[in-house]
Amino acid sequence: MKKYLAEMVGTFVLTFLGCGAAVALGCGSDTASIVGTAIAFGLAVVAMAYTIGGISGCHINPAITLGCFLTGRIDAKDCGMYMLFQVIGAIIAAAVLAGIVATDPSLVITTSTGANACNYGVANGVIVEAVLTALFVFVVLGATAKDNEATGNFAGLAIGLSLILIHLVGIHFTGTSVNPARSIGPALFEGGKALSELWVFIVGPFIGSVIAACCWKAVATK
């Protein structure tokens, strides 16, 4: 249960800080807000990797959990429970963020809860999310591999920095999810288009996770 709770807390932190930065900075309004949001998500992952990595492995993302399951790193029970507690953590974070935003009329009018949106159609959204998630999960699988002793201590940093790069590419197209839990929480409170397009940010990342797992199995030495 401790590792499940760790995943819940870690996903809460990622969603609250990442989406909170997006809201506070008005992500998408200018280049600085995009860069700031990307950095926030990346640093949140780095912080959690070195905080709960020793407890749960710090997946804090159902797509990463699926990738770990497909490569034999966790069993089916942990896979399901990790995903459940990740979604719970994201929902709690979105609820807290929505409550904070509601206290500031200017934020309520001009920003959201950090929900994702397909700016160029759902087909584009699925492709972008699948490709970016595949790249991200591939980095995670490689950086945390047991035989990667030379750089294993820097896995959290590598993963966080890669997430910054992925956000810099994806924010323009989808707001960048690569994480179904991080999308589910805000969408439930945002409603409207965010909720109707939520399936894109679940299907796309899971497709990407499967691709990453297959690629890793093809190149892994063990």
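Helix axes are lines fitted to C-alpha atoms over the stretch in contact, and the angle between two of them runs from 0 to 180 degrees between N-to-C directions. The model described here is predicted.

On this basis, helix 8 (residues 180–190) packs with helix 10 (residues 200–219) at an angle of about 175 degrees, and their axes lie 9 Å apart. Angles over 145 degrees count as roughly antiparallel, and helix 8 and helix 10 are therefore roughly antiparallel to each other. The contact brings P180, S183 and I184 of helix 8 to F201, I202, P205 and F206 of helix 10.

The crossing of the two helices is right-handed. Helix 4 contributes Q86, V87, A90, I91, A94, A95 and A98, which meet A181, R182, I184, G185, P186, L188 and F189 of helix 8. The contact of helix 4 with helix 8 comprises 11 nonpolar, 2 polar and 1 charged residues.

The largest pocket has a volume of about 740 Å³. Its lining consists of 39 residues, and G57, R73, V140, T144 and A145 lie nearest the centre. At least two lining residues come from each of helix 2 (31–56), helix 3 (62–70), helix 6 (122–143), helix 7 (155–174) and helix 10. Helix 2 supplies the largest share, 6 residues. The lining of the largest pocket divides by class into 20 nonpolar, 13 polar and 6 charged residues.

Technical notes. Residues numbered from 1 in each chain as written. Predicted model: local features only at pLDDT ≥ 70, side-chain atom pairs only at ≥ 80, totals over all residues. Heavy atoms only, no water. Helix = DSSP H or I, 4+ residues; strand = E, 2+ residues; numbered from the N terminus. Parallel < 35°, antiparallel > 145°, perpendicular 65-115°, else oblique. Contact = heavy atoms within 4.5 Å. 1 Å grid on protein atoms, 1.4 Å probe; cavity = no way out; pocket = protein on both sides within 12 Å on 5 of 7 lines; lining within 4 Å. Points joined across faces, edges and corners; volume = space filled by probe spheres on them. Nonpolar A, V, L, I, M, F, W, Y, C, P; charged D, E, K, R; others polar. Left-handed = near helix turned anticlockwise from the far one by under 90°.
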